[in-house]
Amino acid sequence: MFFEIIKLAFDSLRTNKLRTFLSMLGIIIGVGAVIAIVSIGSGAREQITSRISSLGSNIINILPGTSRGWGGRVSRSSTDIFTLELADYLEQVCPSVKRVLPLSQGSGLLINGELNVQATLNGVNTYYPEVNNYNLAQGQFINEEDLENNRNVIVLGSQVAENLFGNTNALGEKIKLNFQNRDHLFTVIGVMEEKGAGLMGNLNNQAYIPITTFMKKLSNSRFVTYYIAQASSSGEASSAVSEIEFFLTKYLKDEEKEKFNIMSQDEILETVNSVTASLSLMLGGIAAISLLVGGIGIMNIMLVSVTERTREIGIRKALGAKNKNIMSQFLVEALSLSGMGGLVGILLGWLGAYTIAQVGKWPLVITPVSVLLAFGFALIIGLFFGLYPAMKAARMDPVEALRYE
Amino acid sequence: MLEIKKIKKIYQLGKVKVEALKGVSFGIEKGDFVAIMGPSGSGKSTLMHIIGCLDKPTEGNFFLDGKDVSKLNDDKLAEIRNKSIGFVFQQFNLLSRASLLHNVETPLIYAGVKVKKRRELAKSALDSVGLGDRLKHRPNEISGGERQRTAIARALVNNPLIILADEPTGNLDTKTGEEIMRIFNRLNQEGHTIIMVTHEPDIARHARRIIRLRDGLIERDEKI
């Protein structure tokens with residue numbers, strides 16, 4: 001009997017192929033979208049996570065804080081707190097901190113003859129490549145002597161070097177740097193390797209000079225923009241965060257913690273994870289709504305089908321079909337619709353996820369859970385929205401049904 | 001074998017009560033061939049629905065093979081329709097998308113008969129009405145007479161107590177109608193009990209007994 005009912009359902013779906021396909025479409029799109037979106041979400045998250053980790057897993061950014069504007073005070077960023085001495089002090093007093101790297105940042109125009117490029121200029125010390133896990137492609141980085149003598153030497157990001165010099169050798173060349181409408185002459189001593197976009201913007205579009213040169217010749221300020229602290233190991237990152245917080249609060253007499261803002265790798269990962277998770281959830285929710293709409297489509301078509309086949313129902317009842325036989329016939333039909341829609345949807349979702357993963361260059365992540373969930377949800381929707389039309393069919397009065405034209 | 005006692009059927013149409021059957025009683029013996037006649041509105045369709053267990057009487061009792069079936073629930077009635085009654089309708093009422101074989105098999109599917117046995121029974125039923133070579137055809141590929149013969153095969157396949165025919169020749173020309181009636185006569189000779197609703201005297205003449213209805217009551221009940 002069970003086999004007969006399944007065969008019956010497929011026979012009936014086969015007779016009206018276009019209608020069957022159209023009523024499946026909602027489910028196909030819904031399931032496909034759920035699978036694709038969940039997969040794209042996890043793929044993108046995996047990529048972002050691995051990118052952040054590649055920046056160095058024990059990195060802690062210490063940024064200027066933002067004071068709240070209240071009672072007539074304008075909200076502003078605290079720019080005049082981070083000195084070189086404070087960096088040295090933190091490095092000495094915090095036991096879990098290996099290094100505190102001061103950074104001065106600004107935007108400058110780099111000029112080589114006819115070519116010029118706008119780049120982010122970083123004043124850094126000699127430990128910058130080590131802390132950021134970011135190496136040279138050619139030449140050398142800024143050394144202690146450059147720092148002591150405030151030398152006009154510059155290391156270029158890969159994109160900057162290519163824009164200014166193309167494929168020709170940049171090492172030893174002199175370029176002009178226009179910073180706040182003043183020109184300075186710098187000698188290129190190194191070019192950095194190519195690296196993906198990070199949290200601090202596109203690293204390839206940056207240039208590095210000695211921090212002493214930056215402070216004394218360019219900005220004329222004794223304050224730097226921010227610090228990058230490196231914990232002794234990734235396991236000690238969280239204790240490093242509390243130590244830095246403790247000493248900075250004490251040193252700056254900043255009880256309200258307004259003057260600085262500590263961002264650790266863990267926190268950033270957490271933020272990214274929660275953002276991508278809620279994004280996936282939202283998009284998944286939208287996809288689930290389309291599944292729901294698909295279910296309503298199935299109900300609609302099943303209701304039409306029940307009405308159209310009133311006479312058939314009457315005949316079957318006259319021949320001895322019980323209410324439950326009629327009910328299961330139409331229910332199996334609705335389930336077949338949503339089940340087949342679900343299968344095609346899985347295929348479509350996989351294809352979509354695969355294509356986008358190729359374009360986005362991230363790993364294809366399709367979890368069995370998301371596939372089972374989407375398919376199961378499709379079946380439940382088929383069951384739920386098939387129930388009413390099936391009940392309507394089962395409850396028909398045989399005399400009325402046989403009379404139906 | 002079939003006993004109808006003071007059957008009444010009242011329909012509620014909006015606020016108006018319509019009494020389709022006003023107390024009808026009669027019995028039918030095994031092996032009889034009875035025609036139920038009457039003008040439209042006489043209640044013959046209602047009576048047929050009750051005998052066919054498609055509908056329940058408002059009052060009275062209906063004994064089939066000694067068992068009162070007038071108070072049974074839907075599922076029990078479906079079982080009786082399946083096992084004890086074979087329908088032949090004016091409109092043939094075949095499943096248009098199914099082959100003749102599948103059409104004749106359908107009652108056996110609901111009876112839970114196994115595939116192999118089912119095929120066999122359906123084939124021999126179609127053979128007996130001369131359609132053994134049309135098993136794979138669909139109803140729209142054959143003539144009206146052949147459709148009605150398929151319906152007769154379907155009615156026979158469960159070896160029912162009663163074959164219930166509702167205007168079986170109403171959609172056929174005279175010649176084909178005669179052919180169908182010859183099949184009914186043959187089946188009756190073979191021992192099948194047949195109850196047939198018709199308004200055509202020529203067709204009713206094939207029966208052995210004619211019950212005439214008028215305004216929900218038996219007007220005349222005569223043996224031929």
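The model is predicted, so local features are reported at pLDDT of at least 70 and side-chain atom pairs at pLDDT 80 or more, while totals for chains, interfaces and linings use all residues. Residues are numbered from 1 along each chain as its sequence is written, chains are lettered from A and ligands numbered from 1 in the order in which they are written, and side-chain values use heavy atoms, with hydrogens and water left out.

Helices (H or I, at least four residues) and strands (E, at least two) are DSSP runs, numbered from the N terminus, and two strands are said to pair if DSSP finds at least two bridges between them. In chain B, 6 strands make up an open sheet with mixed pairing, in the order S6-S7-S8-S3-S9-S10. Strand S6 (85–88) and strand S10 (217–223) of chain B each have a single partner strand, so each edge strand has one side without a neighbour in the sheet. On average, and with direction ignored, neighbouring strands of this sheet are turned by 15 degrees against each other; axes are lines fitted to C-alpha atoms, for helices over the stretch in contact, and angles run from 0 to 180 degrees between N-to-C directions. Within the sheet, strand S7 (residues 162–166) of chain B runs parallel to strand S8 (residues 193–197) of chain B, and 5 bridges join the two. Here Asp166(B) has Val197(B) of S8(B) opposite. Helix H2 (residues 74–84) of chain B packs on the sheet, where it touches S6 and S7 of chain B, and its direction makes about 75 degrees with that of S6(B); contact means heavy atoms within 4.5 Å.

The other sheet described for chain B is an open one of 4 strands, with antiparallel pairing and the order S2-S1-S4-S5. Its edges are strand S2 (16–28) and strand S5 (67–68) of chain B, each of which pairs on one side only. Strand S4 (residues 59–64) of chain B pairs with S5(B) in the antiparallel sense over 2 bridges, and Leu64(B) has Lys67(B) in S5(B) as its bridge partner. A helix packs on this sheet too: H1 (residues 44–51) of chain B touches strand S1 (2–13), S2 and S4 of chain B, and its direction makes about 120 degrees with that of S1(B).

In chain A, strand S1 (residues 59–64) is mostly covered, with 5 of its 6 residues buried. Buried means under 20% relative accessible area, exposed over 50%, and partly exposed in between (1.4 Å probe, protein chains only). S1(A) pairs in the antiparallel sense with strand S11 (residues 226–231) of chain A over 4 bridges, and Ile62(A) has Tyr227(A) in S11(A) as its bridge partner. S1(A) is also joined to strand S12 (residues 260–264) of chain A by 5 bridges, again antiparallel, with Ile60(A) opposite Ser264(A) in S12(A).

Helix H6 (residues 158–165) of chain A has Ser158(A), Val160(A), Ala161(A), Leu164(A) and Phe165(A) buried. These residues cover an arc of only 160 degrees around the axis, so they lie on the same side of H6(A); the arc is that of the directions from the helix axis to the C-beta atoms. The strands of chain A against which the buried residues of H6(A) pack include S4 (97–112), S5 (115–124) and S7 (153–156). Just after H6(A), Gly166(A) takes a positive phi of about 60 degrees.

Finally, the structure holds 22 salt bridges over all chains, a salt bridge being a side-chain nitrogen of Lys or Arg within 4 Å of a carboxyl oxygen of Asp or Glu. One of them links Glu308(A) with Arg19(A), whose closest N and O atoms are 2.7 Å apart. Glu308(A) lies in helix H9 (residues 265–308) of chain A and Arg19(A) in helix H2 (residues 17–54) of chain A, so the pair ties together parts that are 289 residues apart in sequence. Glu308(A) is partly exposed at 49% relative accessibility, and Arg19(A) is partly exposed at 23%. Arg316(A) and Glu312(A) form another salt bridge, at 2.9 Å between the closest N and O atoms. Both lie in helix H10 (residues 310–318) of chain A, 4 residues apart, about one turn of the helix. Arg316(A) is buried at 5% relative accessibility, and Glu312(A) is buried at 12%. A network of salt bridges links Arg309(A), Glu312(A), Arg316(A), Glu333(A) and Arg97(B).
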